[in-house]
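Open the structure in your viewer and keep the sequence panel beside it.

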Amino acid sequence: MDYYYDILLNFAEYPINYYEWDSVHDDIERMMKIPVIHVSDIKELIAYETMIDTDLDMFIASDGVNSIAIEMIDKRAAYLSCLPYDDELSVNDLAHNMEITPLKITRLKKRIIPFELREERKMQHDFLHVLDTIDHDLLKYIYYDMTEKNCNNIEHIKNYLKKDILTNFNEKYINLYENYVKNN
C-alpha cells in the first residue's frame with residue numbers, strides 16, 4: 001500500500017471544494033500520513049453514501065484523474081474531503097503507478113450535494129433572515145429592482161422575495177445583498 005504525506009483535509013458529509021474551505025468555521029486537519037488506494041472510478045463514492053468493506057479508518061481513493069479522502073465509521077464512508085489542488089495532482093500521479101484495488105462497495109442512498117457555492121448559500125440565508133426586519137422602503141426598492149414593478153403591499157413583497165430568493169438567487173440578488181442587506 002502506498003501513502004501520501006503531509007496533507008490538509010476538510011472532512012464533511014459532502015465534499016467541499018478546496019477553494020470554499022473556511023479556515024474559521026471548518027475543521028481542517030493536517031494528516032501526516034494517509035493511505036492511497038487506486039480505484040477504477042470515484043464517482044460512486046462521491047455520489048452515494050456507501051458502506052466499504054475495508055479495515056482502514058481513513059484513506060484517499062483516486063481513479064488517476066480525481067481523488068477524494070474518505071473517513072470511515074463502522075465501515076461506512078461517513079465523511080469526505082476534497083484535496084488541495086497540488087496534492088490532488090500528486091496523488092493522481094501516485095495512483096497511476098499503482099494497481100487498482102477492488103473495493104466491495106454497497107450503495108446506501110444518494111448523497112445530498114448542494115450545487116451552489118457555500119458563500120452564496122450564506123448570502124441567501126442572510127437575505128431571507130433580514131426580510132422581516134428590513135426597512136419597508138428598502139423592501140419596496142429591492143422588489144422594484146427585481147421586478148420593475150411598484151408595490152405597497154409589504155406582505156406581498158416579502159412573500160415574493162422569499163420565494164424568488166429560494167428559486168432564483170442570482171447576480172442581482174448578490175449585488176443587492178452586498179450593497180444594502182449585508183450591513184443591516
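**Stop 1: the end of a helix**

Select T147, which lies in helix 4 (residues 136-147). Helices and strands here are DSSP runs numbered from the N terminus, with helices being H or I of at least four residues and strands E of at least two. T147 counts as buried because its relative accessibility is 18%. Buried means under 20% relative accessible area, exposed means over 50%, and partly exposed is in between, with a 1.4 Å probe and protein chains only.

Two notes on the numbers before moving on. Residues are numbered from 1 along each chain as its sequence is written, and side-chain values use heavy atoms, with hydrogens and water left out. The model is predicted: local features need pLDDT of at least 70, side-chain atom pairs count only at pLDDT 80 or more, and totals for chains, interfaces and linings use all residues.

**Stop 2: the whole chain**

Zoom out and colour by secondary structure. The protein chain has 6 helices and 7 strands, and along the sequence they follow the pattern β-β-α-β-β-β-β-α-β-α-α-α-α. The radius of gyration of the protein chain is 22 Å, well over the 16 Å that the globule rule gives for 184 residues, so the chain is more spread out than a compact globule. That radius is taken over C-alpha atoms, and the globule rule is 2.2 Å times the number of residues to the power 0.38. Turn the model to view its principal axes: the C-alpha trace spans about 70 × 30 × 25 Å along them.

A surface display goes with two more totals. The protein chain exposes about 11200 Å², and carbon and sulfur atoms supply 48% of that; the areas come from the Shrake-Rupley method with a 1.4 Å probe, and for residues only the protein chains shown count as cover. Of the 184 residues in the protein chain, 41% are buried.

**Stop 3: a buried strand residue**

Select V36 in strand 2. Is V36 buried or exposed? With a relative accessibility of 1%, V36 counts as buried. Leaving out residues up to four places away in sequence, V36 touches M1, D2, Y3, Y4, I60, V91, L94 and M98, where contact means heavy atoms within 4.5 Å. Draw a distance from V36 to Y3: the two are 33 residues apart in sequence, and 5.3 Å apart in space from C-alpha to C-alpha.

Contacts can also be counted over the whole chain. Among those in the protein chain with a separation of 6 or more, 66% are between residues 24 or more positions apart.

**Stop 4: aromatic rings**

Show the side chains of Phe, Tyr and Trp. Their rings (for Trp, the six-membered one) pair if the centres lie within 6.5 Å; planes under 30 degrees apart count as stacked, over 60 as edge-to-face and the rest as tilted. By this rule there are 5 aromatic pairs. One of them is Y18 with W21, which is edge-to-face because the ring centres are 4.9 Å apart and the planes stand at 75°. W21 is buried, with a relative accessible area of 14%, and Y18 counts as partly exposed at 34%.

Y18 also pairs with Y85, edge-to-face, at 5.5 Å centre to centre and 80° between the planes. This pair links distant parts of the chain: Y18 is in the loop between strand 1 (2-9) and strand 2 (29-38), and Y85 is in helix 2 (residues 85-96), 67 residues apart. Y85 is partly exposed at 43%. Select Y18, W21 and Y85 together to see a cluster linked by ring pairs.

**Stop 5: charges over a ring**

Which residue has its charged end over the ring of Y48, 4.1 Å from the centre? It is R107. K110 lies over the face of Y48 too, at 5.1 Å from the ring centre. A charge sits over a ring if NZ of Lys or CZ of Arg is within 6 Å of the ring centre and within 35 degrees of the ring normal.

**Stop 6: positive phi**

Most residues other than glycine have a negative phi. Select D6 in strand 1: its phi is positive, near 55°. K75, in the loop between strand 5 (67-73) and strand 6 (76-81), has a positive phi of about 65°.
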